[in-house]
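Take a look at the molecule below.

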Amino acid sequence: MLLRALLFVPHYIVISIWTLLAAPAVAVAWLALLIEGRLPTWLHRFLAAYVRYVGQASAWLFLLSGRYPDPLHTREHPFAIQIPERPRQRRLITLFRLPLAIPALILASVFRVVLSLAAVAAWFTGLALGRTTPGLQELGTFCLRYELEASAYLLLITARYPGVAPPVVPQTPQ
């Protein structure tokens with residue numbers, strides 16, 4: 001885990017720079033949503049790639065993924081969240097998005113603490129068994145998924161409020 005923390009430093013720098021670029025982009029996104037009701041394609045792609053990359057880097061750091069993150073290929077990573085393509089969003093909800101997101105952000109911060117504790121437990125389990133347990137993997141994935149959904153909601157990428165229950169994925173008949 002110490003080695004992962006050292007190898008995470010370049011990703012931390014990339015995420016920090018990307019965050020500085022994303023902040024004014026969210027202000028533009030907010031105005032675009034109020035005027036048009038949906039994000040411009042380039043802005044949606046930029047913010048969605050940011051959330052995907054943060055998710056992949058976090059998944060790698062917290063021992064949920066064994067694949068080293070790549071900021072240039074955010075869609076081809078095994079740990080990827082589903083982000084809808086430019087959904088229409090209600091202007092009134094967009095106007096009050098920040099106060100609406102506060103409960104989700106508080107819960108996401110609690111889940112970040114749980115994720116950190118699960119990562120420490122996974123690290124010790126990995127040392128003892130040579131692998132982590134499915135329960136720790138599932139707990140960590142749940143916490144990170146909620147955190148990323150809250151981020152996507154706050155960053156105006158999606159109108160879907162983050163849910164504690166995982167999204168329903170339609171199954172194809174076999």
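This is a predicted model: local features need pLDDT of at least 70, side-chain atom pairs count only at pLDDT 80 or more; totals for chains, interfaces and linings use all residues.

Start with helix 4, which covers residues 97–129. Helix 4 has 33 residues. From its first C-alpha to its last it reaches 45 Å, close to the 48 Å expected at 1.5 Å a residue. The helix is bent, by about 35° at proline 103. Just after helix 4 comes glycine 130, with a positive phi of about 85°.

Now ask which residues of helix 4 are buried. Among them are Ala101, Ala104, Ala108, Phe111, Leu115, Ala118 and Ala122. Look at how these numbers are spaced. An α-helix has 3.6 residues a turn, so residues three or four places apart point the same way. The buried residues of helix 4 pack against helix 3 (91–95) and helix 5.

Next, look for empty space. Rolling a probe the size of a water molecule over the atoms shows where it is left. A search of the whole structure finds one cavity of 30 Å³ or more. About 50 Å³ of space lies in this largest cavity. Helix 4 gives the most to its lining, with four residues. The lining includes Leu115, Ala118, Ala119 and Ala122, which are also buried residues of helix 4.

Finally, turn to the second largest pocket, with a volume of about 290 Å³. Its lining has 16 residues, and Tyr50, Leu105, Glu147, Ser151 and Leu154 lie nearest its centre. Helices 1, 2, 4 and 5 each give two or more residues to this lining. Here 11 residues are nonpolar, three are polar and two are charged.

Note on methods
Residues are numbered from 1 along each chain as its sequence is written. Side-chain values use heavy atoms; hydrogens and water are left out. On a 1 Å grid over the protein atoms alone, a cavity is a set of points where a 1.4 Å probe fits but cannot get out, and a pocket is an open set with protein on both sides within 12 Å along at least five of seven lines; lining residues have an atom within 4 Å of a point. Grid points are joined across faces, edges and corners, and a volume is the space filled by probe spheres set on the points. Ala, Val, Leu, Ile, Met, Phe, Trp, Tyr, Cys and Pro count as nonpolar, Asp, Glu, Lys and Arg as charged, and the others, Gly among them, as polar. The expected span of a helix is 1.5 Å times one less than its number of residues. The bend at a residue is the angle between axes fitted to the seven residues ending there and the seven starting there. Buried means under 20% relative accessible area, exposed over 50%, partly exposed in between (1.4 Å probe, protein chains only). Contact means heavy atoms within 4.5 Å.
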